[in-house]
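Hi everyone, thanks for coming. Let me put the model up, and then we can walk through it together.

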Amino acid sequence: MTAALALGDDALVLSHRLGEWAGHAPVLEEEVALANIALDLLGQARTLLSLAGDEDELAFLREERSFRNVQLVEQPNGDFAHTIARQLFFSVYQHLLYERLAAGTGEFTDLAAKAVKEVAYHRDHAEQWVLRLGDGTAESHERMRRGLDALWRYTGELFEPVEGVDIDWRALEGDWLSAVTSVVGRATLALPTGPRAGAWTAGAGRQGLHTEPFGRMLAEMQHLHRSHPGASW
Amino acid sequence: MVTGTRLEAEVRRLAGSVPDPELPVLTLEELGVLRDVRMQGPDKVTVHLTPTYTGCPAIETMSADIERVLHEHGVPEVSVVTVLAPAWSTDDISDEGRRKLAEFGIAPPRPHRGPDGPVPVTLSVRCPHCGSTDTELLSRFSSTACKALRRCVDCREPFDHFKEL
């Protein structure tokens, strides 16, 4: 239950954030790419939340404090480089996590075995953009650097063990660090050196403590369902 | 139970003949998403369907279409169950399905390496319009989750490629 909510909320919240790019992406191809990644995540969220209860009630009728997603995925989109930094940090994490879940025999095995193939494309998309922006113009390099810097403090929480997910979290963290270090290095950038968790934010999303922008995101996401209960189309 | 088996095969043929709602040139059988069709008694059929991508919105239409077709052929009770394992792969698309995709203007997916099979040479994606193998990737994501967008360097036409999964 706790684990299904944690993984399901990660996918749901990131899906919603990526959906916010619709109509705003820098080029049409990215409009389509971000929407497709959002759709994959939404499908994963529906399966995971259904393991924990009624998917619609969980998505649309819970208060902020009941969500168990990491704070990384709720961070606002910022500019395109900022979104790509968030995609890099999360998709590498999700890919490595789902690979491990797919190899296990728990309740998430079937979903993970399927989703890991989708997430491989998300990861490739993020990595290719980090390379292109980091090793691009002075402007794109600087924006990519700022995106990585701004989100770095939210990456420590990714490796707080989730109850019910029986994997080696320290090994996951090690693999994540080396993968991210390699991509960022090839993009002629360096990983930020600051702490990977703020003083009050460490591990807080999984306990239901969220950052300020999350409430506004939920208000928009839940508004229609709450205003018109039971509506369908 | 010869009759039961024959009936089951007939029901499977009917369910498998339903066109994919997003790629109507393909049937569900050719797409490889129909996993199992079982008679649960004289009037009841259970169909196991697997999505191509976890978030594929077409799965609901597929289920409704299967129910409608089987009802029309006199099966009173139809239950369509979505299954995730084993995960669908583009290798599940039949040869006939691949041929139809190319004919429809969508480059079919390349085969994966089998667990013990020979290592295939890296095949380029062939342009479905002019047949050239000189094509380039524009975006890993296209009109639906299952496709990538490419362009032919020779005839300059953009085209969809059913990307490998």
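Chain B is divided into domain 1 (2-82) and domain 2 (94-114 + 121-162), with bounds from an automatic or database domain assignment. Their C-alpha centres lie 28 Å apart. The contact between them takes 10 residues from domain 1 of chain B and nine residues from domain 2 of chain B; contact means C-beta atoms, placed from the backbone, within 7 Å.

Some housekeeping: this is a predicted model, where local features need pLDDT of at least 70, side-chain atom pairs count only at pLDDT 80 or more, and totals for chains, interfaces and linings use all residues. Residues are numbered from 1 along each chain as its sequence is written, while chains are lettered from A and ligands numbered from 1 in the order in which they are written.

Now to helix α4 of chain B, residues 95-103; helices are DSSP runs of H or I, at least four residues, and strands are runs of E, at least two, numbered from the N terminus. Which residues of this helix are buried? They are B:Gly97, B:Arg98 and B:Leu101, buried meaning 20 or more other C-beta atoms within 10 Å of the residue's own, and exposed 12 or fewer, with C-beta atoms placed from the backbone. These three cover an arc of only 100° around the axis, so they sit on the same side of α4(B); the arc is taken from the directions from the helix axis to the C-beta atoms. On the other side, B:Asp95, B:Glu96 and B:Glu103 are exposed. The cover over the buried residues includes α2 (28-31), β4 (106-107) and β7 (158-162) of chain B. After α4(B) comes B:Gly105, with a positive phi near 95°.

Terms used:
Contact = placed C-beta atoms within 7 Å.
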